[in-house]
Amino acid sequence: MNRIIPVIKLTIFLLLLSLKAHSFSSSSYLIAQSAIAFYDYETASQHYEIDDLSNLHIHNLQKKLIAFMNTNNLSKASIIAKKIIDLEINNQEAWLVYLANAKLTNNLYLFKDFEKIKSRTQYNIVNFVFYNNNQLKKNDDISKALFDIIQSSETNKINLIKDYDYLLFYLTLVLNFDPAFNEALFLQATFYQQLENYEMAEQIYQKIVITDPLYLEAQKNIAFNKTKNGNFKEAEKILITLIQSNQDNDTLIISLADFYRINKQYGKAISKYTDVIKLNNIDNKRLWRVLYMRGICFERNNQWKQAEKDFLYALEIEPNTPQVLNYLAYGWIERNIFIDQSLEMLKKAVQKNPDSHYILDSLAWAYFKKNDLIKAVDLMEEVIKKAPGEAISLDHLGDIYFALNRKREAYFMWNQAKDLAEPEDEILDSIQFKLQKNNAG
């Protein structure tokens, strides 16, 4: 990832202070250590190559193992694995790499070395992956076993997968035994997507064959990821092409509508959501969501009556859905209508989803509109504890403090909200007016 390199330069000095006595002080080592900290395995593996294995501590060898493995360099990873085994014979990840390379290069005599020592130590992961009733598994079965470790909720398996490094480590092993394992490819791409390495994610998503059920989801992810790099037109083209090739798939039309909504093209989003509703073949479990999303777009497009109609229809289909209750009730409260009804709706919404700071904010705001300032301030302060950077909630708390004559605290909250507000929050002018009106600057 291009964004990683500047971060690496900034972190080198800090790493110099924290390196242990046994670590190298070379710039290559520092760059490699920094790179792997930011999941840039390619850079790490390039700079690790010149290190002398004899001087590396086990912890650093494991990082090097991760770097080579996650760049799919199994042969070099195997060399590192053997060194780790020499230092720590019960290291199962090292054994997985060492034996994987042996199996794939047909050096099966190396399994004899393992079998001589495995009776003396617990190698539950290695045994699960490579053996079935003491018989060596075929490559496809090894691949499935490795993938099962990733998916398993059994503690004795999953506790070895510490973070993205190891999730990607296991997935790379899976794909060495079965390069066409589409579920593993999808999961690997998803992890890179979560790490914001969209280029790598796309390369992997593109490996999923068109006949696989995950293909459409992979292509949708590619499209949505492109918008994060500013490639709106390219992303739009991908989604439209998918729809043209799969005209009976209404989920793709919904995806395109969602795409327009996320990118604030509310008119286009409304049109596509409407197309789906007109098909008359969408089940109620999805229809309420389409109505809810179209309602949001109507509201964002200053078409409240249409939004209100969609929210009410969605609640007819799925009564007491917390997000719909919240959006409709907050819309009424902001328009100073149906305050009592909104308050009851929001109480239900909080019961359904007590962890949502958005819903709690709406409930607090309803109490404020009812002039129940004590309940309002208690709830809004709870919101700020949950989401201290939420500009609209900070603005609301400022209003409540001001109504309670706690003006110094109100000015502080308004200033905080002003600093954190995004243009789409549409509160900057209001905050500036309140600060100027009350000489709070």
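Analyst: A residue counts as buried when its relative accessible area is under 20%, as exposed when that area is over 50%, and as partly exposed in between. The model discussed here is predicted. With that cut-off, Glu299 is buried because its relative accessible area is 17%. Arg300, at 31%, is partly exposed. The side chains of Arg300 and Glu299 are joined in a salt bridge, with 3.1 Å from N to O.

Both residues of this pair belong to the lining of the largest pocket: Glu299 and Arg300 are listed with Tyr327, Tyr330 and Ile392 as the residues that lie nearest its centre. The pocket holds about 1300 Å³ of space, and 38 residues line it. By residue class, the lining is made up of 14 charged, 13 nonpolar and 11 polar residues.

Several helices contribute to this lining. At least two residues each come from α16 (250–262), α18 (284–300), α20 (322–334), α22 (357–369) and α24 (391–403). Among these contributors, α22 supplies the largest share, with seven residues.

Arg286 and Asp250 form a salt bridge in which the closest N and O atoms are 2.7 Å apart. Since Arg286 is in helix α18 and Asp250 in helix α16, the pair ties together parts that are 36 residues apart in sequence.

Glu202 and Lys226 meet through their side chains in a salt bridge of 3.0 Å, N to O. This pair links distant parts of the chain, with Glu202 in helix α13 (residues 198–205) and Lys226 in helix α14 (residues 215–228), 24 residues apart. Lys226 is buried, its relative accessible area being 8%, while Glu202 is partly exposed at 24%.

Elsewhere, salt bridges with shared partners join Glu202, Lys226 and Glu234 into one network. Counted by the rule of a side-chain nitrogen of Lys or Arg within 4 Å of a carboxyl oxygen of Asp or Glu, the salt bridges come to 20.

Note on methods
Residues are numbered from 1 along each chain as its sequence is written. This is a predicted model: local features need pLDDT of at least 70, side-chain atom pairs count only at pLDDT 80 or more; totals for chains, interfaces and linings use all residues. Side-chain values use heavy atoms; hydrogens and water are left out. On a 1 Å grid over the protein atoms alone, a cavity is a set of points where a 1.4 Å probe fits but cannot get out, and a pocket is an open set with protein on both sides within 12 Å along at least five of seven lines; lining residues have an atom within 4 Å of a point. Grid points are joined across faces, edges and corners, and a volume is the space filled by probe spheres set on the points. Helices (H or I, at least four residues) and strands (E, at least two) are DSSP runs, numbered from the N terminus. Ala, Val, Leu, Ile, Met, Phe, Trp, Tyr, Cys and Pro count as nonpolar, Asp, Glu, Lys and Arg as charged, and the others, Gly among them, as polar. Buried means under 20% relative accessible area, exposed over 50%, partly exposed in between (1.4 Å probe, protein chains only).
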